[in-house]
Amino acid sequence: MAMIANLQYGWTLFVNPITQKFHWSKAALQVAFTVFVLFETWLVPVEGYLDDRLGPRLVTVMGGILVAIAWAMNSTASSLTAFYVAAAVGGVGAGAVYGTCVGNALKWFPDRRGLAAGLTAMGFGAGSALTIVPIASMIKARGYESTFLYFGLGQGLVVFALGWLLQQPRDSDLAALPKPSRNVSKRQFTPLEMARTPVFWLMYVMFVLMASGGLMATAQLAPIAKDFKVADVPVSLLGITLPALTFALSIDRVLNGVTRPFFGWVSDNIGRENTMLIAFGLEAVGIWALSLFGQDPVLFVILSGLVFFAWGEIYSLFPSTCTDVYGVKYATTNAGLLYTAKGTASLLVPLGNILAQETGGWHTVFLVAAAMNLVAALAAPFVLKPLRARHAASLAATSTARATGRPATA
């Protein structure tokens, strides 16, 4: 998971050097980011289907090969089309690794599903933290082309080697695992059955609302810092002095990783919807504050960290909630189908550039993103929670009716 993180979180470091070389607009180049996220997410159900039936090893190993190929292609690309194709290849590889690893965690730890999914997703969220400075330094010293090539080959090799160690729990393993203490479904929903329920589509919309703001920040943080005129301003925090953008990217990656197991653990204890209200509301506040105070270099670093801390937990909360509601048998495929919401959200990322250009700044973009997060936060306790309760009651009534031979009344 850590080795595929730079495909998404390191991309922002390459945007300015590429556009400066070829004189393309940032909006045109950021289509590559959207293509990456679309292929990384929308094919995860297919990769999850293969994982649920063939096991995680083959899917992950093939993903590692595609990861290496994608960044090698970026190192020689000289047209927007070439960058788009490389993004598609990298997206397929990253999705194969991501969906398989998270799905495996959901199956192995039913009593701590939020924490397990969060710890696994932390590899993706924080995996690029230690490489931000080396990548930025290598781009300056040797150019973005060499950086793409050597980091791409290295990341792909690690995924290829470690993929052979993954193991899917057998039926005997599942029978011996601790049972979850919270209300979870005993019925094992297939993906098609899940897609016919209102709970799934509500979670899908909430996922899109939450993912949009975070993806915009992920892809656009370097251009935003440049427009705020803080990118190269030295900032001293915690005894460390770095340029504001480099500092922000490093802290953001750590907090974006830590938040996933943290809020996953919280949700295991106080419930998924209650945790969503807290985390999603915090994200809305963070984005709003960044729009107001982000032109101060120190506050830019701190508030961007808050934004990433309050955003990354969606990658533990939604998969664990999905498996709670729809069962563990098809957990990888079902969580992957819900994960496609991230791809849908990525379609809005280039619109952020366009809106910023039309309005003369990022303030309106931030306000729209904050409003979307606030809607998702309020929907969790006031819409999702009662809808889940009705869904569970309907299942219970159906089960009772089958056992007694009477019609269901719920």
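This is a predicted model: local features need pLDDT of at least 70, side-chain atom pairs count only at pLDDT 80 or more; totals for chains, interfaces and linings use all residues.
Residues are numbered from 1 along each chain as its sequence is written, and side-chain values use heavy atoms, with hydrogens and water left out.

The side chain of Glu145 meets that of Lys21 in a salt bridge, with an N to O distance of 2.7 Å; the term denotes a side-chain nitrogen of Lys or Arg within 4 Å of a carboxyl oxygen of Asp or Glu. Because Lys21 belongs to helix 2 (residues 12-22) and Glu145 to helix 9 (residues 144-163), the pair ties together parts that are 124 residues apart in sequence. Lys21 is likewise partly exposed, its relative accessible area being 43%. Helices (H or I, at least four residues) and strands (E, at least two) are DSSP runs numbered from the N terminus, and the chain contains 19 helices and 2 strands.

The structure holds 8 salt bridges. In one of them, the side chains of Asp52 and Lys107 meet at 2.5 Å, N to O, and since Asp52 lies in helix 4 and Lys107 in helix 6 (residues 80-108), parts that are 55 residues apart in sequence are tied together. Asp52 is buried, with a relative accessible area of 14%, and Lys107 counts as buried at 6%. Another salt bridge joins Arg388 to Glu273, the closest N and O atoms being 3.1 Å apart; with Arg388 in helix 19 (residues 363-404) and Glu273 in helix 14 (residues 272-293), this pair ties together parts that are 115 residues apart in sequence. Both Arg388 and Glu273 are buried. Salt bridges that share partners also join Arg113, Asp268, Arg272 and Asp324 into one network.

Asp51, placed in helix 4 (residues 44-54), is buried yet has no salt bridge, and Lys107, the nearest side chain of opposite charge, is 4.0 Å away. When neighbours within four places in sequence are left aside, Asp51 is in contact (heavy atoms within 4.5 Å) with Pro56, Val59, Thr100, Lys107, Gln168 and Thr332. Lys229, by contrast, is exposed, with a relative accessible area of 70%, and lies in the loop between helix 12 (198-227) and strand 1 (234-237). Between Lys229 and Thr364, which are 135 residues apart in sequence, the C-alpha to C-alpha distance is 18 Å.

Turning to the whole chain, a compact globule of 410 residues would have a radius of gyration near 22 Å, and the 21 Å of the chain agrees with this; the radius is taken over C-alpha atoms, and the globule rule is 2.2 Å times the number of residues to the power 0.38. Along the principal axes, the C-alpha atoms fill a box of roughly 70 × 45 × 40 Å. Buried residues make up 58% of the 410 residues, and among contacts between residues at least 6 apart in sequence, 83% join residues at least 24 apart.

Conventions:
Buried means under 20% relative accessible area, exposed over 50%, partly exposed in between (1.4 Å probe, protein chains only). Lys and Arg count as positive and Asp and Glu as negative; His and the chain ends are not counted.
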